[in-house]
Amino acid sequence: MIGGLVSRTSLACATTLGFALIFWPLSALAADTGSKSKSALGGDCCADLEERVAELELTTVRKGNRKVSLELSGWVDKILLFWNDGKQSDIYVADNNFASTRFRMKGVGQMAPDWKAGFLMEYEFRDSSSNLVDQLTEQNRNIETALRIRQENFFIENATFGRVTLGMQNTATKDLTLINLGGGFSNTENYHATSFYIRDNTLPTSSWFNTTTNTFVTTGPTSGALPNSTRTVAPTITSTNNTITVTGPGGEVSTGTNTVRTIAAYSVGGLVWNNLSNALDSQRQEVIRYDSPIICGFIASFAWGQNDFWDAALRYQKEFDTIRVAGGVGYQWWGERSLTQGAPWAANAIFFGSDQTNQPNTAAGPSGGVASSQLISNSSNSFGGTRYRVNSRIEVVEGNLSAMHLPTGLYGTIVGGIRHIENSPVEALNQDAAYWYTQVGITKRIFEVGASTIYAEYGNFDDFGSVAVYFQIWNAENGNTLSTTRIRDSNVDRFGIGVTQAFDGAAMEIYGNYLHFNANITTSTSYVTSATGAPATTGFNNTERRAPEDWDAFYTGARLKF
């Protein structure tokens, strides 16, 4: 049975169905041939019946034992994604990362009176996840890694003392900023512009810088490059052979060949929209977590693990006559050892580990790749400087409040968060990142088939890009940095609208949403040498305003639960 949930009850139903399928034709046959003997029915009818029941059991999902219940559930969520980055546009078929396609198995058993034990195993499919696609990638390039573990853990629970969970799971603050009582398919997280590179007319179409003329080479871009963008490229050193003729005082002529090499290369930092706008949501990892019982509508949670990481949260949900309220506050602490694992928003970068398996190996210059140009880490260097310092840490404070007026279905949500990096790689440009987001709308049963939702949203994300490398000039032969341009200030506005229609009879929702992102960016440059024609400096003492293009998208799709 596809999508079936098998327990003793369902197994009994299957058995009953088997009896019905067998005895109906038998009884009909007996009525038609009442004079026939028992032997005429085929001999040992009980043996035939047992064989048929065994066949039916083989077609069902079965439990390993009868002590632990087993529940199988999940959903499929696919979209058409129409996007425009200001320079080009396209349409992708993708999996909606807002609620990625997944399945889960959950089991619960009774240990003793008031004591339960259970497990949760959850997996998702990321063959074309909307947070992994970009201008050059329509699907996960590593299809064999498209099935990803979300959660694998077990728990022990008591109604009086709460629950303790151990294993791969949500940390205490995970999904706290995503609480929303409305029925729209959007929240404060960036699920669709995530991996798209920033398009900027102040960035050149070529990856080469000519040290003789102090200009960017006007020839075509390196293969795989994305012109006028922050995509890292891999330039190849080229040379030009010139024939030199020398005439001596006696009229003798000598010829030779002089090789001219362009050794100063240009590479960008690989910034994507998620570097500039992030909900500071925590992540799933190997931790031990405690959740208190519900006390006056409150649940307290605490999690620790993964070497120098811990977080705590307080959630609340309650109904007051005609008003339903939900929300929470949380705190995250990432120490220097946990940062080497790659916090998903550590040093202005998304986590490029298992979350970003679609990204190609775009090594260029000393950065060694897209992620390493931004991520706080203690392995190797980034653009000539270490990516983190001893005693570096990140702290996050976040909060969320959502309310709905039950008679009308009107709802509103407001979310905010602050990120503080202690002892960052470039303290001169380091500053706290903050955001706020709101969504208002109505979720009401207008049609008999299910509830309808209409919403509008707005968010502002300030200084998430600070310190991040925008681009760099480096020596292509020896790897030495000549100059580095980093983001001094960044600010992103996001707004969107959307509609959702539920179909309760099919456990399905159909939706269509529009998204718009626009950014303001200023950068500062540190010149290590005068190779670019500018005087050498020891710090980021200048400011230049950039011109990033807006990013727009419309996506429509459906989620079908099972």
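Predicted model: local features only at pLDDT ≥ 70, side-chain atom pairs only at ≥ 80, totals over all residues.
## Overall picture

The protein has 562 residues, and 48% of them count as buried. Its secondary structure comprises four helices and 24 strands. Among contacts with a separation of 6 or more, 69% are between residues 24 or more positions apart. The accessible surface is about 25900 Å², with carbon and sulfur atoms contributing 58% of that area.

## Strands β3, β4 and β5

Strand β3 covers residues 102-112 and strand β4 covers residues 115-125; the two are antiparallel and share ten bridges. Their hairpin has two residues between the strands, and aspartate 114 there has a positive phi near 70°. On its other pairing, β4 runs antiparallel to strand β5 (residues 147-158), with eleven bridges joining them. Phenylalanine 125 faces leucine 147 of β5 in this pairing.

Since arginine 104 belongs to strand β3 and glutamate 122 to strand β4, the pair ties together parts that are 18 residues apart in sequence. Are these two residues buried or exposed? Both arginine 104 and glutamate 122 are buried.

Aspartate 291 has serine 301 in β13 as its bridge partner. Six residues lie between the strands in this hairpin, and cysteine 296 takes a positive phi near 55°.

Strand β13 also pairs with strand β14 (residues 309-320), again antiparallel, over eight bridges. In that pairing, tryptophan 304 stands opposite tryptophan 310 of β14. Both tryptophans turn up again in the nonpolar surface patch described below.

## Nonpolar core and nonpolar patch

In soluble globular proteins, nonpolar side chains tend to be buried together. Here, the largest nonpolar core has 46 residues, and the members that touch the most others are Leu81, Trp273, Tyr435, Tyr470 and Trp551. Strand β22 (residues 508-527) is the biggest contributor to this core, giving five residues. Beyond its neighbours within four places in sequence, tyrosine 435 contacts a set of residues including Thr177, Asn278, Leu280, Val415, Asn460, Phe461 and Phe464.

A surface patch of about 1100 Å² is formed by Met111, Trp115, Phe154, Ile156, Phe161, Val164, Leu166, Ile288, Tyr290, Phe302, Trp304 and Trp310. Strands β5, β6 (162-170), β12 (284-291) and β13 (298-305) each give two or more residues to the patch. Isoleucine 156, one of the patch members, lies in strand β5. This isoleucine counts as partly exposed because its relative accessible area is 34%, which falls between the limits of 20% and 50%.

## Salt bridges

How many salt bridges does the whole structure hold? The search finds 19. Aspartate 504 and arginine 445 form one of them, at 2.8 Å from N to O. This pair links distant parts of the chain, with aspartate 504 in the loop between β21 (481-503) and β22 and arginine 445 in strand β18 (residues 433-447), 59 residues apart. Aspartate 504 is partly exposed, at 46% relative accessible area. Shared partners also join Arg102, Arg104, Glu122, Glu124, Arg126, Arg148 and Arg150 into one salt-bridge network.

Glutamate 395 and arginine 393 make another salt bridge, their closest N and O atoms being 3.8 Å apart. Arginine 393 is partly exposed, with 29% relative accessibility.

## Positive phi in two loops

Leucine 280 is a residue other than glycine with a positive phi, near 60°. Leucine 280 sits in the loop between α3 (273-276) and β12, and is buried at 0% relative accessible area. It is also one of the residues in contact with tyrosine 435.

Alanine 507 likewise has a positive phi, near 50°. Its place is the loop between β21 and β22, and at 33% relative accessibility alanine 507 is partly exposed.

Key
Residues numbered from 1 in each chain as written. Heavy atoms only, no water. Buried < 20%, exposed > 50% of the residue type's maximum accessible area, 1.4 Å probe, protein only. Contact = heavy atoms within 4.5 Å. Areas by Shrake-Rupley, 256 points an atom, 1.4 Å probe, with all protein chains shown as cover. Pairing = 2+ DSSP bridges. Core = buried A, V, L, I, M, F, W, Y, C linked by side-chain atoms within 4.5 Å. Patch = residues over 30% accessible without salt bridge, like charges linked within 9 Å, V, L, I, M, F, W, Y side chains within 5 Å. Salt bridge = Lys/Arg side-chain N within 4 Å of Asp/Glu carboxyl O.
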